[in-house]
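Here is a short tour of one protein chain, written for someone who is new to reading structures. Keep the 3D view open beside you and click along as you read.

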Amino acid sequence: MSGASNPRIYSEMPVEHLFTYEVDLDQKRIDCGPSGTKIHTLVTRGTFEGERLKGEVVANHSFETAEVRSDGFITGDLRLLLRTDDGADILMTYIATAVTIEGGMSVRNYPYFETGAEKYLWINKVQAVTLYDVKDGVLSPIDVYELPKP
């Protein structure tokens, strides 16, 4: 059929691993607010590492505010301050979406990056995606993948 979409194109999209990050979190919940449950999360410690990037997730300057809707769908707004081993600061921002699964949730994010550090200017134009799960309250390491350039 002419013009029909091919779902295999999307399932086989080549991506490049950018880095993996792990964080410790301090969460506060406000249940049953007028627009649903709000969850404010502060990063208390974190690290990230990849082939081109390595460093720390700066504690107390990295956070997420999330909302659990009445239908169980979760949205979040996240800001992480990444500090590379050579001292460059990179802001990673994304809107998160999550759906509940047995024992936890499946999370997908679409981050973008901002830095003025000469060595890392390339990351300002990276389109990326993160994929991870939370199972039984445990956050898996978070893999960040660069999408292919158009």
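## Starting with one residue

Let's begin at D26, which has 34% relative accessibility and so counts as partly exposed (buried means under 20% relative accessible area, exposed over 50%, and partly exposed in between, with a 1.4 Å probe and protein chains only). D26 sits in strand β1. Strands here are DSSP runs of E with at least two residues, helices are runs of H or I with at least four, and both are numbered from the N terminus.

Who does D26 touch? Leaving aside residues up to four places away in sequence, D26 is in contact with H40, T41, L42 and T44, where contact means heavy atoms within 4.5 Å. Take H40: it is 14 residues from D26 in sequence, and the two C-alpha atoms are 8.3 Å apart in space.

## What kind of model is this?

What you see is a predicted model, where local features need pLDDT of at least 70 and side-chain atom pairs count only at pLDDT 80 or more, while totals for chains, interfaces and linings use all residues. Residues are numbered from 1 along each chain as its sequence is written, and side-chain values use heavy atoms, with hydrogens and water left out.

## The whole chain

Now zoom out. The protein chain contains one helix and eleven strands, and reading from the N terminus the order is α-β-β-β-β-β-β-β-β-β-β-β. Along the principal axes, the C-alpha atoms fill a box of roughly 55 × 45 × 25 Å.

The chain has 150 residues, and 33% of them count as buried. If you look at contacts between residues at least 6 apart in sequence, 44% join residues at least 24 apart.

## Strands side by side

Follow β5 (residues 74-84) for a while. Strand β3 (residues 54-57) pairs with β5 in the antiparallel sense over three bridges (two strands pair if DSSP finds at least two bridges between them). On this side, G55 stands opposite T84 in β5.

Strand β4 (residues 63-68) also runs antiparallel to β5, and six bridges join them. Here F63 is found opposite R79 of β5. The two strands make a hairpin with five residues between them, and G72 in the turn has a positive phi of about 90°.

Next comes strand β6 (residues 89-101), which pairs with β5 in the antiparallel sense over ten bridges.

## Charges and salt bridges

How many positive and negative side chains does the chain have? There are 15 positive and 23 negative ones, and the centres of the two sets lie 3 Å apart. Lys and Arg count as positive and Asp and Glu as negative, with His and the chain ends not counted; each charge is placed at NZ of Lys, CZ of Arg, CG of Asp or CD of Glu.

The structure holds eleven salt bridges, each being a side-chain nitrogen of Lys or Arg within 4 Å of a carboxyl oxygen of Asp or Glu. One of them joins E16 and R52, at 3.5 Å from N to O. This pair links distant parts of the chain: E16 is in strand β1 (residues 16-33), while R52 is in the loop between β2 (36-49) and β3, 36 residues apart. E16 is partly exposed at 42% relative accessibility, and R52 is partly exposed at 36%. Both belong to a network of salt bridges that also includes E146 and K149.

Another salt bridge brings together R45 and D24, at 2.8 Å from N to O. It also links distant parts of the chain, with R45 in strand β2 and D24 in strand β1, 21 residues apart. R45 has 39% relative accessibility and D24 has 36%, so R45 counts as partly exposed and D24 does too.

Finally, go back to R79, the residue opposite F63. R79 forms a salt bridge with D77, and their closest N and O atoms are 2.4 Å apart. R79 is partly exposed at 27% relative accessibility, and D77 is partly exposed at 29%.
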